[in-house]
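Hello,

Here is the structure I promised to pass on. My notes on what turned up in it follow below.

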Amino acid sequence: MKPNIGYIGLGVMGHACANNLLKADYPLWVYARRSEQMRQLVQAGAQPCNSPQTLAKHCDLIFTNVSDTADVREVILGEQGIIHGAQTGSTVIDMSTISPSVTCQIASVLAQKKINMLDAPVSGGSQGAIDGTLSIMVGGKADVFQQALVVLQVMGKNIVHIGDHGAGQVSKACNQIVITQTLAGIAEAFALAVASGVDPAKVKQALLGGSAGSRILEVQGQRMLTHNFTPGFKAKLHQKDLCIVQKFADELAIELPGTKMATTYINALVEAGMGEEDSSAIVTLFEQRLGKKF
């Protein structure tokens with residue numbers, strides 16, 4: 001018998017994940033602060049709820065996918081939070097990108113009520129969520145992970161148990177470090193090519209066949225060349241994630257100089273009013289400096 005599942009947070013990513021759970025015939029309860037975000041899923045068979053607390057009463061597994069650390073804390077521990085409705089032995093799986101330290105704190109509070117928790121942030125963008133091919137980085141107890149794995153496989157293909165509580169969020173921080181610096185590196189490389197009169201599209205083609213080749217170069221590099229900045233991942237959300245990375249680095253008293261430099265590009269992009277665009281739009285900052293489009 002399939003477990004009853006709840007999904008809280010029905011933005012682009014959450015809606016797609018919840019829809020895949022419905023397609024896999026899981027009994028699904030949903031909650032979103034804006035009722036219109038639930039409408040399509042309810043029409044497809046999901047049960048609407050008026051609070052996280054109410055949703056939790058019906059569910060064995062409860063997914064959360066909301067904007068930031070404060071939102072996760074409120075949804076799980078707030079006045080009408082999951083903790084007040086969840087059954088003993090149920091599991092909260094947070095797919096948001098938030099502070100690793102706060103994740104551990106929330107997991108500790110839930111454990112006092114005999115409620116399990118996994119932190120399971122994702123990578124793969126909106127298309128990966130739609131296709132059910134996300135990379136999911138999981139922190140929490142190994143036995144809880146194994147019990148939830150079959151459900152996670154509905155939403156992702158590369159699912160890795162990283163370690164105990166917070167480890168999934170640490171892995172996502174590492175992911176954002178690599179992505180941000182790679183985006184900046186690609187934009188710089190294209191700038192060098194254009195400044196020297198070389199076709200950046202041909203440079204991209206050549207690099208993809210060698211050690212510099214990457215998924216980011218293939219997909220985001222092409223976005224840069226065609227100026228297709230329809231968001232796979234919005235710059236303003238990227239900025240939020242990088243703030244989490246820096247705060248966590250400060251907690252650990254370590255320096256991340258490359259990330260700091262690359263973050264200045266994302267910050268400048270948001271300040272320029274392009275926070276709703278894809279992060280690959282950082283290429284426009286280099287075009288402005290060069291005085292020409294790539």
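Serine 171 counts as buried because its relative accessibility is 18%, and buried means under 20% relative accessible area, with exposed over 50% and partly exposed in between (1.4 Å probe, protein chains only). Serine 171 sits in helix H8, residues 167-195; helices here are DSSP runs (H or I, at least four residues), strands are E runs of at least two, and both are numbered from the N terminus. Setting aside residues up to four places away in sequence, serine 171 touches Met137 and Ile162, where contact means heavy atoms within 4.5 Å.

Before you read on, please note that this is a predicted model: local features need pLDDT of at least 70 and side-chain atom pairs count only at pLDDT 80 or more, while totals for chains, interfaces and linings use all residues. Residues are numbered from 1 along each chain as its sequence is written, and side-chain values use heavy atoms, with hydrogens and water left out.

Now to the nonpolar cores, meaning sets of buried Ala, Val, Leu, Ile, Met, Phe, Trp, Tyr and Cys residues joined through side-chain atoms within 4.5 Å. The largest has 34 residues, and those touching the most other members are Tyr7, Leu28, Phe63, Ile93, Ile136, Leu152 and Met155. Elements that give two or more residues to this core include strand S1 (5-8), strand S4 (61-64) and helix H7 (142-155). H7 gives the most, with seven residues. Leaving aside neighbours within four places in sequence, the contacts of phenylalanine 63 include Tyr7, Ile93, Leu152 and Met155.

Apart from that core lies another, of 24 residues, among them Leu217, Phe229, Leu269 and Val283. Valine 283 is buried, with a relative accessible area of 0%, and lies in helix H13, residues 283-290. Not counting residues up to four places away in sequence, valine 283 touches Ala187, Met224, Phe229 and Phe294. Its C-alpha atom is separated by 30 Å from that of leucine 10, 273 residues apart along the chain.

Finally, a helix pair. The axes of H11 (residues 235-252) and H12 (residues 257-274) come within 9 Å and cross at roughly 145 degrees; axes are lines fitted to C-alpha atoms over the stretch in contact, and angles run from 0 to 180 degrees between N-to-C directions. Residues that meet include Leu242 and Val245 in H11, and Ile266 and Leu269 in H12.

Best wishes
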